[in-house]
Amino acid sequence: MSNQIIEIKDFRKTYGSHVAVESVSFDVNQGEIFGLLGPNGAGKTSTLECLEGLRQPNGGTMRVANLDPAKESHKLRNIIGVQLQSAGLPEAITPDEAMKFFCAYHNVAPRFDLLERLGLIPKKDTQFYELSAGQQRRLVLALAVAHNPKVVFLDEPTAGLDVASRVELHDLMRELQGQGTTIILATHDMAEAQELSDRVAILLNGQIVNTGTPLEITASGAGLTKISVRTQNGCLVNNTNNFPAVDQQKMKEDYCIYFSRDIGPTVSAIIAFIEKQADVLIDLRVERPSLEDRFLEITGKVGAK
Amino acid sequence: MNSFLHHFAFEFRTGIRNKQMLLMNYLFPLGFYLLMGFIMPAINPPFREAIIPALGVFAILAATLLGIPDPLVNARENGIFRSYKINGVPSISILAIPTLTTMLHSIIVMLIIVVSAPLLFKAPLPVNWLAFVLIFVTFYLACAGLSVLIGVVSASSRMTVLWSQLIFVPSMLLGGLMLPYSMLPGVAGKFAQLLPATHAMNAYNGLAMLKAADFSPWGSVIVLAATALLAFALAGFLFSWDSRNTTRRGNPLLAVLVLLPAIIGIFLF
């Protein structure tokens, strides 16, 4: 029996003559956190909004919990929870009213525990426009998950949040996942996507250019490992000799940074060179390529970092 | 029912909490009522007899035409309707609840006027209370229907101001509130019959205050009721969750059909 809760095949979305999304296909398994990554205008929001039943696709098929969002959006309401990119709440509504209001339309008891968990109880009688950007996003998130939906769509959920709120939100997402909720996460934040997502799809110019687990995606690139070295006398700064397996190198502050295809020979050669120059090694860091590195590589911006 | 009550309670509180809506629902109508009540009878003594109907009509015009359309446009353009759609709020609630909550605000204002006008300005009370209530309700629904329709078809807040003022300003000048309908020249009188305020004043005079009506008062009630029904039907038909990304069921120009009952009324009544 299939475990897929979302199925998209050859999805296409156009706005007039502009093709926003073309031939996009992917599946999401139940209980998965699926990251949808891409630069601005890549088609993430168009894809999400068609899945949510807010827009009509121009081609292909979409199924969410075995429902067609374009034709059965009314049945989808209690199955999905959505945190829109824009706030989407009346200015004068308070968190207390919003919780009662939306829970009543979903026919569930208000989840004041979520307001407490997200630190909104002290602000429960404050009008929406008086809340900070972070508090607004936390409220919208609380409302999106209050009716225990099977699938939650989060569009840039941590934009504008402080560190503590981000951590709380990440914990909540993991908790929801533990309860079997599927989460579709559209984000620009690669560290967040790498940390939370079971699988990700990278959208570029309306097409999926890569899909898989964060590990698979990072491993599928050029695979350059970043080696950052700092010495006491800076013997590496003016070194013109190439170390083995190094493809690129640059300076950043007092660090010499090397991008290596094979860290063993590179690190050995660097240490040998430092000893030969009678210099002293102060710091040496080896970092595997991150999802962000791979994303930049895919989107043609490698080296900009 | 629970969802309807929560939605109604929130919208009602917004009508008081939101400064712009508080102004249109209470401060502007009651301020104007006190101003006119103190000034107009001294200048124009017969106005005393029209204080309750005229300023009741003014209160409804302000609360509906100036209070309802703009929040509807802002809610649609700021993605609030999208959020409502996702959470299962039906479009009928989006249109009906502001209508009902504003009606409650207008009833409160009308009660204040009815109770205070005889004491403050020696204004006569309606003779036929049943007719008074019937005219209040039909006129309110006609104005609320027009306001909701303006909110549904206007592309921006600026357009709501334009459309609302196109009804509000002529209603003040020609609707029989400040100047009796009988004093208007022929063409202006015919034009005035396109305005719900003219029909409301005519029906109040003929049926509630038991004074001479300028044309059929029951005809006016029928025009108001037909305008209300047509306006809400058109608003429901032309409603859009998201003006940028969804297609309307019909051209917004269809909204001008709402004038049909008043146009037919000119020839029939």
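Student: What volume does the largest cavity have?
Tutor: About 100 Å³. This is a predicted model; local features need pLDDT of at least 70, side-chain atom pairs count only at pLDDT 80 or more, and totals for chains, interfaces and linings use all residues. Residues are numbered from 1 along each chain as its sequence is written, chains are lettered from A in the order in which they are written, and side-chain values use heavy atoms, without hydrogens and water. A cavity is a set of points on a 1 Å grid over the protein atoms alone where a 1.4 Å probe fits but cannot get out; its volume is the space filled by probe spheres set on the points.

Student: Which residues lie nearest its centre?
Tutor: V82(A), V140(A), L143(A), S83(B) and N87(B), out of 12 lining residues. Lining residues have an atom within 4 Å of a point.

Student: And what classes are in that lining?
Tutor: Nine nonpolar, three polar and no charged residues. Gly counts as polar here.

Student: Switching topic: how much area is buried between chain B and chain A?
Tutor: About 2,300 Å², with carbon and sulfur atoms giving 61%. Buried area is the accessible area (1.4 Å probe) lost on putting two parts together, summed over both. In chain B, R82(B), I86(B) and N87(B) lose the most, together 28% of what that side buries.

Student: How many salt bridges between the chains?
Tutor: Three. The term means a side-chain nitrogen of Lys or Arg within 4 Å of a carboxyl oxygen of Asp or Glu. One of them joins E97(A) and R13(B), at 2.6 Å, N to O.

Methods:
On a 1 Å grid over the protein atoms alone, a cavity is a set of points where a 1.4 Å probe fits but cannot get out, and a pocket is an open set with protein on both sides within 12 Å along at least five of seven lines; lining residues have an atom within 4 Å of a point.
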